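My notes follow in the order I made them.

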Amino acid sequence: MKILVIQQKMIGDVLVSSIICNNLRAAYPDAQIDYLVYASTTPVLEGNSSIDNIILFEEKHRKSKKELLKLGFQIRNKKYDLVIDAYSKLESWILVFLSNAKRKISYKKPGRNFLYTDNVPFAPFPKTNLGLAIERRLSLIEPLDLKIEIDPIPKLFVSEKENQEALAVFEKHNVRKDRKTVMISLLGSEKLKTYPLEFMSKVVDYIADNADVNILFNYFPKQIEDAKTVFNACKTSTQEKIYFDLLGGDLRSFIAIMNRCDLIIGNDGGAINMAKALEKPSFIIFSPWIEKKIWATFEDEIHHLSVHLKDYRSDLFEQKSEKMLKKEALSLYQEFKPEFFKGKIESFVEKNIR
């Protein structure tokens, strides 16, 4: 049996959709399972034995109809028995149409249900604490009626060599071994998903004031000025606990470094999803325009919890569409005072660093 799973988009999406591959592998151990993703997201799939081949969706496929069709015919030539489309946008519709697979599964959407043999309802609300991002992906394998116990948790795999390299980085920076280590998801993927820097420094202060921990910042070298802004606004006693220059050179080294940390706190995004896949406790600060119900996964108010401005100022959200909220995101962020959830951060840190 040959299976193709399609999930273009960001790291978090690709990591979460890999649970489709993991459960298919458990149900069909001898199947060929291929996964179509953006090239930039492949580091989160390294070491995953549920995936036989990664098919890259590249910039050229997005920019050129000819290249997209070429990819579609390459997929057709592979003669897949089953295609699961977790992306479900124009680009993937074309690939699914050209695939000629016997069975094709995706979400039910008006005007293109004819493309698929199975159209699964796109759930509007989560039924469990798994969160919509997980539940929606798992709904795509429901039509297959798999005779296995479904595993909803995305996985990351860190090699012994990577672990040793991360350990060497910690030693090089003289990270104290007698303390737990907290990773700060400092910056979102864009400004509209980034908690205001002056507020973030207060969050870091709350952590440092309440626990004797090592603190790491997750940022790219090109974001160093923003990272410095947060660092400089922290109290001196907090700055002493921050290992500012300890950074991964690439995504795999970040994963290995995160694997040596004990918990993560900060902006929603790829770093949080990777930390969860490494089974690290997480505290997420959501952007005002993002719906918490989708990416608030595995919430139990102990090991995984999140905060959203709507939890504290629901009046600011009345009669506002996502489009309006996105436009107002930066001014809404200013209303999202760190004092609102100071107690929650302190209790989260206390419960997870014992």
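**Entry 1: salt bridges**

I started with the charges and counted 27 salt bridges. My rule was a side-chain nitrogen of Lys or Arg within 4 Å of a carboxyl oxygen of Asp or Glu. The model is predicted, so local features need pLDDT of at least 70 and side-chain atom pairs count only at pLDDT 80 or more, while totals for chains, interfaces and linings use all residues. Residues are numbered from 1 along each chain as its sequence is written, and side-chain values use heavy atoms, with hydrogens and water left out.

I looked at D81 and K102 next. Their side chains form a salt bridge, 2.8 Å from N to O. D81 sits in the loop between α3 (65-77) and β4, and K102 in the loop between α4 (90-99) and β5 (103-107), so the pair ties together parts 21 residues apart in sequence. Helices here are DSSP runs of H or I with at least four residues, strands are runs of E with at least two, and both are numbered from the N terminus.

I then checked accessibility. Buried means under 20% relative accessible area, exposed means over 50%, and partly exposed lies in between (1.4 Å probe, protein chains only). D81 is partly exposed at 23%. K102 is exposed at 64%.

A second pair is D212 and R179, with the closest N and O atoms 3.0 Å apart in a salt bridge. D212 is in the loop between α7 (197-210) and β8, and R179 is in the loop between α6 and β7, so this pair ties together parts 33 residues apart in sequence. D212 is partly exposed at 46%. R179 is buried at 11%.

K320 is partly exposed at 28%. E328 is partly exposed at 26%. I also traced shared partners: salt bridges join R176, D178, R179, D212 and K241 into one network.

**Entry 2: the six-stranded sheet**

What is the strand order of the open sheet of six strands? I read β3-β2-β1-β4-β5-β6, with parallel pairing. Two strands pair if DSSP finds at least two bridges between them. The edges are β3 (53-57) and β6 (118-120), and each pairs on one side only. The twist averages 15 degrees from one strand to the next.

I zoomed in on β2 (residues 32-38), which is joined to β3 by five bridges and runs parallel with it. There, D34 stands opposite N53 of β3. Helix α1 (residues 11-27) packs on this sheet and touches β1 (2-6), β2 and β4 (82-85). Contact means heavy atoms within 4.5 Å. The direction of α1 makes about 175 degrees with that of β2. Axes are lines fitted to C-alpha atoms, for helices over the stretch in contact, and angles run from 0 to 180 degrees between N-to-C directions.

Four bridges join β9 to the parallel strand β10 (residues 282-285). G266 has I284 of β10 as its bridge partner.

Why is α10 (residues 251-259) largely enclosed by the rest of the structure? Seven of its nine residues are buried, so the helix is largely enclosed. Those buried residues are L251, R252, F254, I255, A256, I257 and M258. They pack against α1, α6 (160-172), β7 (180-185), β8 (213-218), β9 and α11. At the start of α10, a side-chain oxygen of D250 comes to within 3.3 Å of the backbone nitrogen of R252.

**Entry 3: D268**

I finished with D268, in the loop between β9 (263-267) and α11 (270-277). Leaving aside neighbours within four places in sequence, D268 contacts G188, I284, I285, F286, I290 and W295.

Technical notes. A polar contact is a pair of N or O atoms within 3.5 Å; within protein, one must be able to donate a hydrogen and the other to accept it, and residues adjacent in sequence count only if both atoms are side-chain atoms.
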